[in-house]
Amino acid sequence: MGKKSGDGSQQKLGRKQYEAEMAVLQGELVALQEWVKATGTKICIVFEGRDTAGKGGTIKRIVERVSPRVFRVVALPTPTDREKSQMYVQRYLPHFPAAGEVVIFDRSWYNRAGVERVLGFCTPEQSDAFLRMVPAFEKAMVDAGIILLKYWLEVSEEEQTRRLESRINDPRKTWKLSPIDLKSYSRWYDYSRARDAMFEATDTAWAPWFVADNENKKRGRLNIISHLLSQVPYEAPRQHDVELPKRQKAGDYREPALTVRRIPTPF
C-alpha cells in the first residue's frame, strides 16, 4: 500500500516550511475547537496503523496548541481481568465524546481486528464476530451525533525497520519498544491480512477508513491534519479586538521577607 520510491511526496520537507505549514493548521485546529465548544459538536477520531507508523507523533501535533479540556487523548492500557469479562467494546464507551469534545483514540476497539487477532489474544471466532458487529456499533455512534473519523497510518517494511532500530539505539525512545512490538515485527504479512479483512468488513459509508502514507512523517502529519479539518464543517469564530486592562498599582504591597527554595540554574 506504500508509494513507490522516487515519488515527490517522499522528498524531505524543510523544518522551516514544515513549521510554517503546521502553524497555519494548528491555528485552524483552534478555530475548530472554538466551533466545537460553541455548537456542542461531538467528534471521535481513531488512529490505527502499523507499529512505528507515527500515530503518537501525529496526535501530539494535533493537540499541541489546543485545550486538553476539549481535545482528549485516550490510550487504554492492557485490559484488566474485569474488563476482559465485559462485552468487548464496553471499556471504550465511557471515553466517548460528550457535547463540545473531541476524543482521539491512540489505538481503539480495532485492537481486536489487529494485534489481538495476529498474536492470538483472541480466537478467530471472536475477531470475526467483532468485524460483523462493528458496522452497526459505529452506525449507532454516528446516529447519536458523533462525527467519527478513522485513520490508518501506513509505512513500508524498510521504514518500519529503520524506526525500530532507532528506538533500540536511542535512550529517549527505548520506552516505545515493547515485547509486543518485537513479536509484531516478524508478522508483517499476518498484519497485512488482518488489515485487509478489517477494511473489507468495516469500511462503510457512515464510517469509512482513510489511509495515510506516513513514510515521511512531516508530510504525513500535515496531510492528516489538513484532511481532518476538511471532514468537519466548522466555521472560524469571529475575531474580537483584545486589549489588556491596566494593571493595579502596588499600593501598600511590599515583598515579604520570606525564604523560598529556588531551583538550581545549571543552564
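In the predicted model, Arg187 and Asp190 are paired through a salt bridge, with 2.7 Å between the closest N and O atoms. Both partners are partly exposed: the relative accessible area is 31% for Arg187 and 30% for Asp190. In total, 20 salt bridges are present in the structure.

A further salt bridge connects Arg163 with Glu159, and the closest N and O atoms of this pair are 2.7 Å apart. Both residues belong to helix α6, which spans residues 157-169, and their spacing of four residues corresponds to about one turn of the helix. Arg163 has a relative accessible area of 4% and is therefore classed as buried, the limit being under 20%. Glu159 is likewise buried, at 11% relative accessibility.

The salt bridge between the side chains of Arg72 and Glu101 has an N to O distance of 3.3 Å. This pair links distant parts of the chain, since Arg72 is located in strand β2 (residues 71-74) and Glu101 in strand β3 (residues 101-106), with the two residues 29 positions apart. The accessibility classes of the partners fall on either side of the 20% limit. Glu101 counts as buried because its relative accessibility is 18%, whereas Arg72, with a relative accessible area of 24%, is partly exposed.

Note on methods: Residues numbered from 1 in each chain as written. Predicted model: local features only at pLDDT ≥ 70, side-chain atom pairs only at ≥ 80, totals over all residues. Heavy atoms only, no water. Salt bridge = Lys/Arg side-chain N within 4 Å of Asp/Glu carboxyl O. Buried < 20%, exposed > 50% of the residue type's maximum accessible area, 1.4 Å probe, protein only.
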